[in-house]
Amino acid sequence: MANIKTEDEIILFEREMKEFWTKLKSIYDTELISETLVLRDSCKESIKMLSEKWSKKLKEGDLMIDKIHEYSKEILQQSQHVSENQKRLTEIKSNLNQEEEQRKDLTDSIQELKEELLKKKEIISSKNKATKERVERLCKFKALFEERLGLEIRRIHNEQLQFIFRHIDHKDPDKPYVFTLSINEQGDYEVTSCSPPLDCIEEFQLKVRETNNFSAFVANIRKAFTALSCNQSV
């Protein structure tokens, strides 16, 4: 646009010079006209040089503007890349923070499970120890019971003990009176079967849990079997 404006000005100037020359021819003589022609040519040359100079500068200016636009475009692209990278970095940091929180939660959960498992192991170990002690105590009493009460003790499936009384029924001394005993998950004595059945077996079971007097428990069951046998004989 600047080039077009300069060319219009030059054309306008040349037109004015022609008009000036036409007027001048009618006034001055040939010699003066010749000098004027030389001056005109000199002016034209100066104008041409000036026009070329400014045209070159304008082209350089346009190139400079184009380069500035290119630099601006590159800067904008770089800014966009920086913004995108910053966004990605923020997302990565956020993901890392979430993973760190999840790792911490998982570590805490594992620690809680370990502690809970350790407590359960301690409880199981304690129960197993108590059960073992009770079984050993029962075994120690076995010989005494067999001798004094005519009792036979057998270990059967699922770690249960079967107590078999004889010499209760005077008419049939070998007739067995049997009850089966186990130790439940709570570590308490539990009668799982009784033959013939006794109405008072639940009462005896609760009593031995309270007192832990196992000898009295077995003696009371024998007395109950004896009383039942006497009642059946009458």
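I looked up Cys-194 first. Its sulfur lies 8.0 Å from the closest cysteine sulfur, that of Cys-200, which is too far for a bond. I count a disulfide as a pair of cysteine sulfur atoms within 2.5 Å. The structure holds zero disulfides. I also checked Cys-230, which is partly exposed at a relative accessible area of 41%. My classes are buried under 20% relative accessible area, exposed over 50%, and partly exposed in between, with a 1.4 Å probe and protein chains only.

A note on the source: this is a predicted model, so I kept local features to pLDDT of at least 70 and side-chain atom pairs to pLDDT 80 or more, while totals for chains, interfaces and linings use all residues. Residues are numbered from 1 along each chain as its sequence is written, and side-chain values use heavy atoms, with hydrogens and water left out.

Next, the core. A nonpolar core here is a set of buried Ala, Val, Leu, Ile, Met, Phe, Trp, Tyr and Cys residues joined through side-chain atoms within 4.5 Å. The largest one has 22 residues. Phe-163, Phe-165, Phe-179, Phe-217, Ile-221 and Phe-225 touch the most other members. Two or more residues each come from β1 (151-156), β2 (160-165), β3 (177-183), β4 (189-195), α3 (201-211) and α4 (214-233). α4 gives the most, six residues. I take these elements as DSSP runs numbered from the N terminus: helices are H or I of at least four residues, strands E of at least two.

I then listed the contacts of Phe-225 (heavy atoms within 4.5 Å). Leaving out residues up to four places away in sequence, Phe-225 touches partners including Phe-165, Tyr-177, Phe-179, Cys-194 and Leu-198.

On to α3. Which of its residues are buried? I found Ile-201, Phe-204, Gln-205 and Val-208. Glu-202, Glu-203 and Glu-210 are exposed on the face turned away from the buried side. Just after α3, Asn-212 has a positive phi of about 60°.

Last, the sheet. It is open, with four strands ordered β1-β2-β3-β4 and antiparallel pairing. Strands pair if DSSP finds at least two bridges between them. β1 and β4 are the edges, each with a single partner strand, so one side of each lacks a neighbour in the sheet. Six bridges join β1 to β2. Arg-154 stands opposite Gln-162 in β2.
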